[in-house]
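Subject: Structure for you to look at

Hello,

Here is the structure I promised to pass on. Please open it alongside this email and follow the notes below.

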Amino acid sequence: MTTRTADRAFRLTTQAAAGVVLVVVLAIGAFLVNRAVPALRADTANFLTETSWFPDQAKPVFGIAALAFGTLVSSMLALLLAVPVAVGTALFVAHYAPRRLARLLGFLVDLLAAVPSVVYGLWGLYFLKTHVNDVAGWLDRHFGSVLTPLHSSTGTYGGSLFLAGIVLAIMILPIISAIVREVFLQVPRANIEAALALGATRWEAMRLAVLPYGRPGIVSASMLGLGRALGETIAVALLLSTSYDISWHITQPGGATFAANIALKFNEAGGTGRGALIASGLVLFVITLLVNGVARAVVRRPTL
Amino acid sequence: MRRRKLTNRVMGVLIAVTFVLALLPLFSVLWLTVKNGSKRFDAEFLTHSMKGIGATDAAGGAYHAIVGTLEQVGLATLMAVPLALLTAVYLVEYGGISRFAKIVSYVVDVMTGVPSIVAGLFVFAFWILALHQPFSGFAGALALTILMVPIVVRGCEEMLRLVPSELREASYALGIPRWKTILRIVLPTALPGLVTAIMLGVARITGETAPLLLTVFGADAINNDPFHGPQSGLPLFVFDQAARPNQVAVDRAWAGALTLILIVMALNVVARLAVRRRAAH
């Protein structure tokens with residue numbers, strides 16, 4: 001009898017812990033909504049379409065249009081750059097590198113994910129920026145007249161969404177690559193050997209057996225990478241020359257993102273200002289929940 | 001045939017190139033952090049705070065930030081580990097295929113994707129605005145806990161699932177109750193793996209800046225008390241110094257980044273090597 005009671009108590013303790021985890025997620029939503037509503041009521045502009053951010057004036061004017069634009073553009077650019085490299089890296093580690101080296105190489109890629117984002121920000125600001133500016137200048141000179149997003153109307157390149165996108169790409173690459181690698185390693189050896197036995201070259205075996213098998217994994221890993229890029233704060237806050245406008249000229253300084261805006265405006269914000277930041281954070285929370293929810297539904301992620 | 005062989009060659013080279021491309025930033029970041037960070041990575045840096053340091057003074061250090069980080073991460077670990085471990089035990093040992101377990105498992109997955117700044121905003125809205133608590137190291141630890149729990153749950157879950165069910169069954173067959181089997185057999189068997197999962201969680205939150213910004217607030221002086229008043233933290237220190245327009249501040253930022261990288265990399269390497277060694281056995 002006492003054994004049963006003890007068993008029950010232990011079971012309930014663990015179940016309660018699991019319950020706390022659920023409650024926390026619900027509480028995050030509830031408290032953000034609770035603090036966002038008064039600020040949204042005070043807003044005299046349309047929260048969804050307004051680009052400027054002046055929540056602390058007598059007649060508060062603020063909206064997320066510019067933030068949403070900058071967040072989406074920098075994250076999509078990051079995804080565009082990171083996914084091909086991540087898939088290539090995963091293929092290399094899983095099926096090209098010598099077996100004995102594969103683990104060590106995978107470990108090195110994982111270390112890339114261990115670098116704190118503030119260090120990426122510092123590195124981006126004092127090292128990568130000048131090099132990216134050269135690249136942006138070159139792209140503008142050669143393709144700027146055809147592809148207007150590459151053209152800088154100010155002739156300067158500095159803290160642009162282009163730079164932010166590149167640093168974000170570096171930051172999400174190891175996350176995407178680690179998941180894709182796991183999926184590639186699960187491809188049945190027999191499938192690959194069958195392709196090779198039929199006379200396929202190595203690349204054809206990859207294309208016929210490995211890549212189709214890994215497609216859902218690649219999609220889901222990309223979504224998780226996207227979720228990470230959307231919420232990345234500190235590196236972007238250090239890199240962007242913030243401006244609250246919607247400009248397709250991504251190589252010129254300017255732009256703003258949800259997360260970086262919260263970090264940069266928090267200290268100077270008054271009551272409504274903080275509420276406004278919380279409202280924008282709520283939007284970010286919902287977007288990342290959706291992106292992650294969809295990604296998780298496709299495959300469960302191996303832990304890093 | 002020649003065309004297929006050529007394609008094969010070209011793709012092989014391209015794939016190798018993507019790998020090199022992926023690793024270039026790692027080596028660049030590590031090299032520049034060591035090179036630029038070693039300029040100010042000295043005894044004064046490790047033993048002095050920024051109190052009373054003028055804008056262009058080359059002196060000062062990150063002692064206050066190091067103390068802050070140790071306390072915040074320590075408190076977060078104390079809160080997150082029991083919660084995460086119990087949740088993992090529930091999911092593996094009791095949850096089974098029940099609806100509740102499925103929901104918890106899914107929520108934990110989704111939680112790993114919550115942006116760190118949102119965790120900070122939540123603690124700010126809940127702890128500081130709603131409960132009228134001050135900015136403090138503890139508030140930062142709360143935010144870090146939210147970020148650490150899902151990582152540790154996932155890691156511990158995986159390690160617990162590796163424990164062979166024969167061990168559990170043998171224990172039941174001897175008449176040992178379930179809770180005792182878990183505490184005496186399952187957890188000790190998985191212990192090295194659990195330690196690895198916890199270390200990776202610690203490494204992950206040690207580098208978080210965004211949540212601290214909204215909860216710990218940042219300070220230039222030493223504050224040893226994590227429960228009262230603003231503190232600093234290493235990532236926060238780097239962020240603050242990096243944004244200052246003086247070379248002396250930027251040098252301090254690099255030295256702070258070096259300190260941070262040394263801590264985080266040490267945790268990662270030790271944790272992952274431990275897993276590797278066991279896997280080899």
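Along its sequence, chain B reads α-α-α-α-α-α-α-α-α-α-α. In numbers, chain B has 11 helices and 0 strands; helices (H or I, at least four residues) and strands (E, at least two) are DSSP runs, numbered from the N terminus.

Some housekeeping. Residues are numbered from 1 along each chain as its sequence is written, and chains are lettered from A and ligands numbered from 1 in the order in which they are written. The model is predicted: local features need pLDDT of at least 70, side-chain atom pairs count only at pLDDT 80 or more, and totals for chains, interfaces and linings use all residues.

The two chains

The C-alpha atoms of chain B fill a box of roughly 70 × 70 × 35 Å along the principal axes. Chain B has 281 residues, and 53% of them count as buried. A residue is buried if 20 or more other C-beta atoms lie within 10 Å of its own, exposed if 12 or fewer, and partly exposed in between, with C-beta atoms placed from the backbone. Of the contacts in chain B with a separation of 6 or more, 75% are between residues 24 or more positions apart. Two residues are in contact if their C-beta atoms, placed from the backbone, lie within 7 Å.

Chain A contains 10 helices and 2 strands, in the order α-β-β-α-α-α-α-α-α-α-α-α. For chain A the C-alpha box is roughly 80 × 75 × 30 Å, taken along the principal axes. Of its 304 residues, 54% are buried. Among contacts in chain A between residues at least 6 apart in sequence, 75% join residues at least 24 apart.

Where the chains meet

On the chain B side 76 residues are in contact with 73 residues of chain A. Helix H1 (residues 2-37) of chain B gives the largest share of the chain B side, 19 residues. By class, that side has 56 nonpolar, 12 polar and 8 charged residues. Here Ala, Val, Leu, Ile, Met, Phe, Trp, Tyr, Cys and Pro count as nonpolar, Asp, Glu, Lys and Arg as charged, and the others, Gly among them, as polar.

One pair of helices across the two chains is H4 (residues 117-143) of chain A and H1(B), which pack at an angle of about 80° with their axes 10 Å apart. Axes are lines fitted to C-alpha atoms, for helices over the stretch in contact, and angles run from 0 to 180 degrees between N-to-C directions. H4(A) is therefore roughly perpendicular to H1(B); angles under 35 degrees count as roughly parallel, over 145 as roughly antiparallel, 65 to 115 as roughly perpendicular and the rest as oblique. From H4(A), Val119(A), Tyr120(A), Trp123(A) and Phe127(A) meet Val29(B), Leu32(B) and Thr33(B) of H1(B). This contact has 6 nonpolar, 1 polar and no charged residues.

A helix pair inside chain A

Helix H7 (residues 202-231) and helix H10 (residues 271-298) of chain A pack at about 165°, with axes 8 Å apart. That angle makes H7(A) roughly antiparallel to H10(A). Residues in this contact include Pro216(A) and Met223(A) of H7(A), and Leu284(A) and Val291(A) of H10(A). The contact of H7(A) with H10(A) divides into 12 nonpolar, 5 polar and no charged residues.

The core

The largest nonpolar core has 193 residues, and those with the most contacts inside it are Leu122(A), Val167(A) and Val152(B). A nonpolar core is a set of buried Ala, Val, Leu, Ile, Met, Phe, Trp, Tyr and Cys residues joined through C-beta atoms within 7 Å. H5(A) supplies the largest share of this core, 19 residues. Beyond its neighbours within four places in sequence, Val167(A) touches Tyr120(A), Gly124(A), Leu128(A), Ala235(A) and Leu239(A).

Ser177(A) sits in helix H5 (residues 161-185) of chain A. Is Ser177(A) buried or exposed? Ser177(A) is buried, because 31 other C-beta atoms lie within 10 Å. Leaving aside neighbours within four places in sequence, its contacts are Ala86(A), Thr89(A), Ala90(A), Val109(A) and Ala22(B).

Gln57(A) lies in the loop between strand E1 (53-54) and strand E2 (61-62) of chain A. Gln57(A) counts as exposed because it has 12 C-beta neighbours inside 10 Å. Gln57(A) and Thr272(A) are 215 residues apart in sequence and 9.0 Å apart in space, C-alpha to C-alpha.

Regards
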